Amino acid sequence: MNNELHRYREEAGLSQGDLAAGVGVSRQTINAIERERYDPSLELAFKLAAFFECAIEDLFDPDVGDVGSPRGGS
Amino acid sequence: MGTDDTGWLARRRWYRRLLYGVLVAGIAGFVLAGRVGRPLLAVAIYWTAFLGFLGVRRFSPMVLFDERDVALERRASYDALRLAGVALIVGAPAAFVLAEAGFDGVSEAPPRIEGVLLGYAGLFVAFGVAYLARRYRP
């Protein structure tokens, strides 16, 4: 899953360790998310969005393409 | 936004080192006591260390393993189970055929191999029980 975590963190002037402590995970987990080697749980994704005071879709792009909607829209 | 709690990670790291350190010390103590001919002491050290390990994990003031640790553990368990499955699928019929037919003086698989296969079979039984318990738990 593509994400903008690295950019948000850099703009906030935080280290990976600072961010990790802020959301209660290890520094390695933050590193793995930034390198897109690990997709966080929904709970952690919401925590990160809340931490940066942004919408979750600003941080994460699931890149699922155009899946349409149950009602037939696009 | 932001945090100045830089000591949080260091404390977490300390507790994780304590967790594994207790376990390693227990195993080392077990081996050493066993080598000097004190088997009861060896077992006592081993169990004390294991209880210490559980105690640190249970009572540490912070979560020592985050969701990625859990995900890695789950993935590694899945891979290990697949390997055991392949070994069992390939090995069990071979051991059976050896025992039934015998080839050039080899009448059955070595006991160690049979033990390993039996262990793998037990592992899959345990997996099945755990899976069903998870699936149908209230």
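A: Buried area is the accessible area, found with a 1.4 Å probe, that two parts lose on being put together, summed over both. The size of an interface is often given in this way. The model here is predicted: local features need pLDDT of at least 70, side-chain atom pairs count only at pLDDT 80 or more, and totals for chains, interfaces and linings use all residues. Residues are numbered from 1 along each chain as its sequence is written, chains are lettered from A and ligands numbered from 1 in the order in which they are written, and side-chain values use heavy atoms, with hydrogens and water left out.

Chain B and chain A bury about 1,300 Å² between them, and 62% of that area is on carbon and sulfur atoms. Chain A brings 21 residues to the contact and chain B brings 12, where contact means heavy atoms within 4.5 Å. Four residue pairs are in polar contact between the chains, both residues at pLDDT 80 or more. A polar contact is a pair of N or O atoms within 3.5 Å; within protein, one must be able to donate a hydrogen and the other to accept it, and residues adjacent in sequence count only if both atoms are side-chain atoms.

On the side of chain B that touches chain A, α1 and α3 (67-101) of chain B each supply at least two residues. Helices are DSSP runs of H or I with at least four residues, numbered from the N terminus. By class, this side of chain B has four nonpolar, three polar and five charged residues. Ala, Val, Leu, Ile, Met, Phe, Trp, Tyr, Cys and Pro count as nonpolar, Asp, Glu, Lys and Arg as charged, and the others, Gly among them, as polar.

One residue of chain A shows a link to chain B. A:Ala32 lies in helix α3 of chain A. Leaving aside neighbours within four places in sequence, A:Ala32 is in contact with A:Arg37, A:Tyr38 and B:Arg68. A:Ala32 counts as buried because its relative accessibility is 8%; buried means under 20% relative accessible area, exposed over 50%, and partly exposed in between (1.4 Å probe, protein chains only). A:Arg37 lies in the loop between α3 and α4 of chain A. A:Arg37 is exposed, since its relative accessible area is 65%.
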